[in-house]
Amino acid sequence: MIRTRPVTALVALAAIGILAGCGSASNSATKLDVPPARTFGLVGFTPSGPVLPGRTTLVSFRIRTPSGAPLTSYKTCCEPHAGVDLIIVRSDDSHVQYDDTDVGPGGRISQPVVFPTPGRYRIVVDAYPKQTGANSLFNFQLFTWVTVRGEYHPRPLPAYRQTQVVDGYRFQIQGHPRLKAIQANFLTIHVLDPAGRKADFTSWRGALAHAIFIHAGSLDYFHTHVCSPGSTYCFSALAGIRVSGRSNAPGVLKVGVLLPLPGTWRMFLLSYMHGRIVTAPFTLTAK
């Protein structure tokens, strides 16, 4: 859908609001009708032009409120629904990274980022403003693009595979997924460590695992979490439907899936084990 060109990063001032949780972001007017995020926008976004692959780039910006003033107050409790996160996806859906950010004076948000390879990357700014009342906006996303210099070699989308091995960790989906859009679905995933033992998961950014879903071609986005039993803030929601993932035992993740539209999706399952983040990618289809 998107080809890399030698253009500067484009700052998109449109945003998509969600009902609750780390919800969805969609591009097409024919898709689920989600109201706009009250004219919030990105200002002063850097980098303002193409960057080099494999080098640290400072991503920095402010969020403009509907009044024109910068947004300076964000939720600090409770993760995973707090602050501002960056979800960065290459246009061929081959790479996703999930970066936290720092909020500085005047609401300036910054985060060092390494873009690994040439190409065009969509930046999803997932923001949780501090709630000041019952009708306060809970969460919204803003978008822009960054171009990374060099020859772009798009990777074909791989077919569904039940098992993925990443850095010696074995992730296996139980059964064959039968997913439907705008319905709460669940995937049971068994995880073994490099020694063949049931993996131990450690909480990271408020969850034992994060499932980031990116739609092939359009790059629509959804994000769910897997948490320990009894976690209060683990839900994600769409169109009045909530879903929460759980892990009740070592080596088992019950991943909640709630996709805004049918088609082919890439699920990037991020878990924190033995002091490192392990990302397992799967190709899924929703009807």
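Q: A pocket is an open set of grid points with protein on both sides within 12 Å along at least five of seven lines. What volume does the largest pocket have in this predicted model?
A: The lining of this pocket includes Tyr-160, His-176 and Thr-283. A volume here is the space filled by probe spheres set on the points. For the largest pocket it is about 220 Å³.

Q: How many nonpolar residues are in the lining of the largest pocket?
A: The lining includes Ala-159, Pro-177, Leu-179 and Leu-284, together with Arg-178, Lys-180 and Lys-287. Tyr counts as nonpolar in this scheme, and Tyr-160 is one of the lining residues. By class, three lining residues are polar and three are charged, while the number of nonpolar ones is five.

Q: How many salt bridges does a search of the whole structure find?
A: Side chains of opposite charge can pair when their charged atoms come close. The cut-off is a Lys or Arg side-chain nitrogen within 4 Å of an Asp or Glu carboxyl oxygen. The whole-structure search gives three.

Q: Is Asp-193 buried or exposed?
A: Asp-193 meets Arg-197 in a salt bridge of 3.2 Å, N to O. Arg-197 is exposed at 54% relative accessible area. Asp-193 has a relative accessible area of 6%. The limit for this class is under 20%, so Asp-193 counts as buried.

Q: Is the aromatic pair of Phe-45 and Phe-61 stacked or edge-to-face?
A: The structure holds six aromatic pairs. In this one the ring centres are 6.0 Å apart, with 20° between the planes. Planes under 30 degrees apart get one label, those over 60 another. Phe-45 and Phe-61 are therefore stacked.

Q: In which strand does Phe-61 lie?
A: Phe-45 and Phe-61 are both buried. Their pair links distant parts of the chain, 16 residues apart. Phe-45 is in strand β2, and Phe-61 is in strand β3.

Q: Which residue in the loop between β12 and β13 pairs with Tyr-98?
A: Tyr-98 sits in strand β5, and the pair ties together parts 106 residues apart in sequence. The ring centres are 5.7 Å apart and the planes stand at 80°, so the contact is edge-to-face. Both partners are buried. The partner of Tyr-98 is Trp-204.

Q: Which residue lies over the face of Tyr-98?
A: A charge sits over a ring if, for Arg, CZ is within 6 Å of the ring centre and within 35 degrees of the ring normal. Another case in this model is Arg-120, whose charged end sits over the ring of Trp-145 at 4.2 Å from its centre. Over Tyr-98, at 4.5 Å from the ring centre, lies Arg-205.

Q: What distance separates the C-alpha atoms of Thr-72 and Arg-108?
A: Thr-72 is in the loop between β3 and β4. Thr-72 is partly exposed, at 44% relative accessible area. Arg-108 is 36 residues away along the chain, and the C-alpha separation is 7.9 Å.

How values were computed:
Residues numbered from 1 in each chain as written. Predicted model: local features only at pLDDT ≥ 70, side-chain atom pairs only at ≥ 80, totals over all residues. Heavy atoms only, no water. Buried < 20%, exposed > 50% of the residue type's maximum accessible area, 1.4 Å probe, protein only. Phe/Tyr/Trp six-rings, centres within 6.5 Å; stacked < 30°, edge-to-face > 60°. Helix = DSSP H or I, 4+ residues; strand = E, 2+ residues; numbered from the N terminus. 1 Å grid on protein atoms, 1.4 Å probe; cavity = no way out; pocket = protein on both sides within 12 Å on 5 of 7 lines; lining within 4 Å.
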